[in-house]
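Subject: Structure for your review

Dear colleague,

Please find below the structure that I am handing over to you.

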Amino acid sequence: METNSAGIENESVLHHGGCHCRRVRWQVQAPASVVAWKCNCSDCSMRGNIHFVVPSTCFSLAKGSEQCLTTYTFGTHTAKHSFCKFCGITSFYIPRSNPDGIAVTVKCVDPGTLKHVEIRQFNGTKWEDSFVQSSIASFSKIESDSSDNLN
């Protein structure tokens with residue numbers, strides 16, 4: 001178990017979650033305390049999205065879920081906004097900032113495993129500047145000391 005700079009124990013746990021109709025289900029190995037990003041780009045601001053980023057190897061989609069997904073892209077087409085084609089919920093997606101990772105929508109994690117969510121702002125209207133100034137790119141990397149992501 002690790003402790004972050006705020007003294008919060010940061011045990012890695014298996015979170016489960018998915019969409020509203022439960023046709024899309026997944027699990028993700030991530031800390032119990034996460035840093036989540038509130039972005040104001042045109043897509044995130046319309047959806048009210050707040051997400052945390054994990055390496056793609058820490059995320060797995062449940063069997064049968066993929067057939068219920070469809071994907072929306074825009075702009076650079078780097079981000080892959082997957083959402084349930086039945087209920088419309090984006091419970092996870094591949095973000096432009098971390099094409100090697102998965103962005104998990106905080107509100108789509110089943111209750112009980114997230115103990116603390118620190119929300120950081122990401123200025124998606126000035127994406128390039130915000131990307132350089134933030135540490136968001138590091139969140140999809142597997143590091144020997146993952147507590148760096150909470151500093």
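This is a predicted model: local features need pLDDT of at least 70, side-chain atom pairs count only at pLDDT 80 or more; totals for chains, interfaces and linings use all residues.

Two strands are said to pair if DSSP finds at least two bridges between them.

Strand β6, residues 50-55, pairs with β11 in the antiparallel sense over 5 bridges. Within this pairing, Phe52 stands opposite Val104 of β11. Strand β10, residues 92-93, also pairs with β11 in the antiparallel sense, here over 2 bridges. In that case Phe92 is the residue that stands opposite Val104.

These strands belong to an open sheet of 5 strands, with the order β10-β11-β6-β5-β12 and mixed pairing. Which strands stand at the edges? They are β10 and β12 (116-122); each has a single partner strand, so one side of each is left without a neighbour in the sheet. The partner strands β5 and β12 run parallel and are joined by 7 bridges. Trp37 has Arg120 in β12 as its bridge partner.

**Strand β11**

**The nonpolar cores**

The largest nonpolar core has 19 residues, and those with the most contacts inside it are Val24, Trp26, Phe52 and Val104. Strands β4 (25-31), β5 (33-39), β6 and β11 each supply at least two residues of this core. The largest share, 3 residues, comes from β4. A second, separate core has 12 residues, including Trp37, Cys41, Ala103 and Ile136.

Phe52 deserves a separate word. Leaving aside its neighbours within four places in sequence, Phe52 is in contact with a list of residues that includes Val28, Ala30, Val34, Ile102, Val104, Val109 and Leu114.

**The cysteines**

How many disulfides are there, with a cut-off of 2.5 Å between cysteine sulfur atoms? The count comes to 0. Cys21 is in no disulfide, and the nearest cysteine sulfur, that of Cys84, is 3.6 Å away. For Cys39, the closest cysteine sulfur is in Cys41, at 3.8 Å, which is too far for a bond because a disulfide requires sulfur atoms within 2.5 Å. Cys21 counts as partly exposed because its relative accessibility is 30%, whereas Cys39 counts as buried because its relative accessibility is 10%.

**Arg47**

Arg47 is found in helix α1, residues 42-47. With a relative accessible area of 31%, Arg47 is partly exposed. Its side chain is joined to that of Asp43 by a polar contact of 2.9 Å. Which residues does Arg47 contact, leaving aside its neighbours within four places in sequence? They are His81, Thr90 and Tyr93. Of these, Thr90 is 43 residues from Arg47 in sequence, while the two are 8.9 Å apart in space, C-alpha to C-alpha.

With kind regards

Conventions:
Residues are numbered from 1 along each chain as its sequence is written. Side-chain values use heavy atoms; hydrogens and water are left out. Helices (H or I, at least four residues) and strands (E, at least two) are DSSP runs, numbered from the N terminus. Buried means under 20% relative accessible area, exposed over 50%, partly exposed in between (1.4 Å probe, protein chains only). Contact means heavy atoms within 4.5 Å. A polar contact is a pair of N or O atoms within 3.5 Å; within protein, one must be able to donate a hydrogen and the other to accept it, and residues adjacent in sequence count only if both atoms are side-chain atoms. A nonpolar core is a set of buried Ala, Val, Leu, Ile, Met, Phe, Trp, Tyr and Cys residues joined through side-chain atoms within 4.5 Å.
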